[in-house]
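Here is a short briefing on one protein model. Look over the sequence and the structure first, then read on.

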Amino acid sequence: DDDEIRVTAAGSVSAYISRAAKLFNEMEKTYLTITATGNALTKAVTSAEVIKRRFKGLHQITKLASQEIVDEYEPLEEGLDKVTDVRNVPCIEIK
């Protein structure tokens with residue numbers, strides 16, 4: 001979506017803030033959605049707080065969830081079984 005900012009652990013908070021400024025000022029959006037998973041959760045929360053401080057009159061709706069990710073590894077040698085690893089990754093959506 002145009003109004004969604006996907007936060008990654010490698011991205012910079014200032015880039016997310018400038019993207020939000022572009023959405024609110026140039027594209028005249030009334031809301032935006034910040035989504036993140038795993039290690040990027042802290043950056044998403046930080047970005048949301050800075051955006052709320054910079055653009056007055058915003059309200060925040062936060063949804064927390066966890067996503068189950070199944071990793072399947074193929075063996076390098078013949079005769080070995082596949083190894084599956086199931087892990088839960090936290091997700092956040094700030095609207």
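Which residue forms a salt bridge with Lys 52, and how far apart are the closest N and O atoms? The partner is Glu 49, and the closest N and O atoms are 3.5 Å apart. A salt bridge here is a side-chain nitrogen of Lys or Arg within 4 Å of a carboxyl oxygen of Asp or Glu.

This is a predicted model, where local features need pLDDT of at least 70, side-chain atom pairs count only at pLDDT 80 or more, and totals for chains, interfaces and linings use all residues. Residues are numbered from 1 along each chain as its sequence is written, and side-chain values use heavy atoms, with hydrogens and water left out.

**Salt bridges**

- Side chains of opposite charge can pair when their charged atoms come close.
- The structure holds six salt bridges.
- Lys 52 and Glu 49 both sit in helix α2, three residues apart, which is about one turn of the helix. Helices (H or I, at least four residues) and strands (E, at least two) are DSSP runs, numbered from the N terminus.
- Lys 52 is partly exposed, at 31% relative accessible area. Glu 49 is also partly exposed, at 32%. The cut-offs are under 20% relative accessible area for buried, over 50% for exposed, and partly exposed in between (1.4 Å probe, protein chains only).
- Glu 93 and Lys 63 form another salt bridge, at 3.8 Å from N to O. Glu 93 lies in strand β4 (residues 83-94) and Lys 63 in strand β3 (residues 62-73), so this pair ties together parts 30 residues apart in sequence.
- Glu 93 is partly exposed, with a relative accessible area of 25%. Lys 63 is partly exposed too, at 49%.
- Asp 71 and Arg 87 meet in a salt bridge at 2.9 Å, N to O. This pair links distant parts of the chain: Asp 71 is in strand β3 and Arg 87 in strand β4, 16 residues apart.
- Arg 87 is partly exposed, at 39% relative accessible area.

**Two packed helices**

- Helix α1 (residues 13-26) packs with helix α2 (residues 41-54) at about 45 degrees, and their axes are 10 Å apart. That angle makes α1 oblique to α2.
- Axes are lines fitted to C-alpha atoms, for helices over the stretch in contact, and angles run from 0 to 180 degrees between N-to-C directions. Angles under 35 degrees count as roughly parallel, over 145 as roughly antiparallel, 65 to 115 as roughly perpendicular, and the rest as oblique.
- From α1, the residues Val 13, Tyr 16, Ile 17, Ala 20 and Phe 24 meet Lys 43, Thr 46, Ser 47, Val 50, Ile 51 and Arg 54 of α2. Contact means heavy atoms within 4.5 Å.

**Two exposed residues**

- Arg 6 belongs to strand β1 (residues 4-6). Arg 6 is exposed, at 61% relative accessible area.
- Beyond its neighbours within four places in sequence, Arg 6 is in contact with Tyr 16 and Thr 35.
- Arg 6 and Ala 44 are 38 residues apart in sequence and 8.5 Å apart in space, C-alpha to C-alpha.
- Asn 88 is in strand β4. Asn 88 is exposed, at 55% relative accessible area.
- Not counting residues up to four places away in sequence, Asn 88 touches Gln 67 and Glu 68.
- Asn 88 and Asn 25 are 63 residues apart in sequence and 37 Å apart in space, C-alpha to C-alpha.
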